Amino acid sequence: MRITATSLNGYWAGVGYLDEQKLEAKLKPLTDETQKKQLQEKANLFLSMVAVMGLQPTGQMVSEIEVTDATGKPIREVVQGTWKVVEQKDNRLLVEFLEQGSDKSPTTVRKVFQFYEDGWNMASPVETSAELAEFHPLIIYARVPAAAMAERAQRRRSRGD
């Protein structure tokens with residue numbers, strides 16, 4: 001499948017990913033239980049990530065990210081803004097987002113999206129803590145069919161959300 005800027009249009013659902021084999025290899029020899037627990041908690045927080053991103057052909061975007069902290073409490077962030085592809089190479093797109101988060105101040109962020117051959121899945125590297133960087137943190141996304149999003153919107157309308 002040939003990837004173009006329009007390949008991003010639509011809704012995407014994603015989860016946090018770390019190279020868990022490398023993580024286990026790092027955790028195993030640690031003898032300091034506090035250090036081991038802290039690394040495991042940071043990894044668990046990242047791996048609990050669930051993301052939904054809607055990218056409209058008009059350039060509008062909305063994304064929601066939720067993680068679950070060590071106490072089981074969900075932490076959710078909603079970001080709205082605009083998006084545009086600034087560079088394309090093979091199955092990789094560099095996208096510039098002008099995001100407006102909960103504090104309402106606009107922030108420009110650039111993210112890389114690497115599509116898999118099927119065009120229905122992609123990965124995006126995530127900048128995170130230095131402790132997790134060696135485990136190649138990604139968000140792995142799958143395209144959400146338009147019919148599923150329409151059905152979700154209908155359910156929300158009928159509930160009055």
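Which residue forms a salt bridge with Lys37? In this predicted model, the partner is Glu41, and the closest N and O atoms of the two residues are 3.9 Å apart.

- Strand S7, which covers residues 121–125, pairs with S8 in the antiparallel sense over 5 bridges, and Pro125 has Leu138 in S8 as its bridge partner.

**The largest nonpolar core**

- The largest nonpolar core has 28 residues, and the members that touch the most other members are Leu8, Met53, Phe97, Phe113, Met122 and Tyr141.
- At least two residues of this core come from each of several elements, including helices H1 (20–27) and H2 (33–47) as well as strands S4 (74–89), S5 (92–100), S6 (106–115) and S8 (138–144).
- Leaving aside residues up to four places away in sequence, Tyr141 touches a set of residues among them Trp12, Ala51, Met53, Phe113, Trp120 and Met122.

**Aromatic rings**

- The structure has 3 aromatic pairs, and in one of them the rings of Phe97 and Phe113 are edge-to-face because their planes stand at 70°, with the centres 6.2 Å apart.
- Since Phe97 belongs to strand S5 and Phe113 to strand S6, this pair ties together parts that are 16 residues apart in sequence.
- Phe97 is buried, with a relative accessible area of 1%, and Phe113 also counts as buried, at 1% relative accessibility.
- Phe113 forms an aromatic pair with Tyr141 as well, and this pair is tilted, with 6.2 Å from centre to centre and 55° between the planes.
- The pair of Phe113 in strand S6 and Tyr141 in strand S8 links distant parts of the chain, 28 residues apart.
- Tyr141 counts as buried because its relative accessibility is 7%, which is under the 20% cut-off.
- Through these ring pairs, Phe97, Phe113 and Tyr141 are linked into a cluster.

**Salt bridges**

- There are 7 salt bridges in the structure, one of them being the pair of Lys37 and Glu41 from the opening question.
- Lys37 and Glu41 are separated by about one helical turn, because they are 4 residues apart in helix H2.
- Lys37 is exposed, with a relative accessible area of 53%, whereas Glu41 counts as partly exposed at 36% relative accessibility.
- Glu96 forms a salt bridge with Lys84, in which the closest N and O atoms are 3.9 Å apart, and this pair links distant parts of the chain, with Glu96 in strand S5 and Lys84 in strand S4, 12 residues apart.
- Lys84 counts as partly exposed, at 47% relative accessibility.
- The side chain of Glu96 also meets that of Arg110 in a salt bridge, with 3.1 Å from N to O, and here the link joins strand S5, which holds Glu96, to strand S6, which holds Arg110, over 14 residues.

Notes
Residues numbered from 1 in each chain as written. Predicted model: local features only at pLDDT ≥ 70, side-chain atom pairs only at ≥ 80, totals over all residues. Heavy atoms only, no water. Core = buried A, V, L, I, M, F, W, Y, C linked by side-chain atoms within 4.5 Å. Buried < 20%, exposed > 50% of the residue type's maximum accessible area, 1.4 Å probe, protein only. Contact = heavy atoms within 4.5 Å. Pairing = 2+ DSSP bridges. Salt bridge = Lys/Arg side-chain N within 4 Å of Asp/Glu carboxyl O. Phe/Tyr/Trp six-rings, centres within 6.5 Å; stacked < 30°, edge-to-face > 60°.
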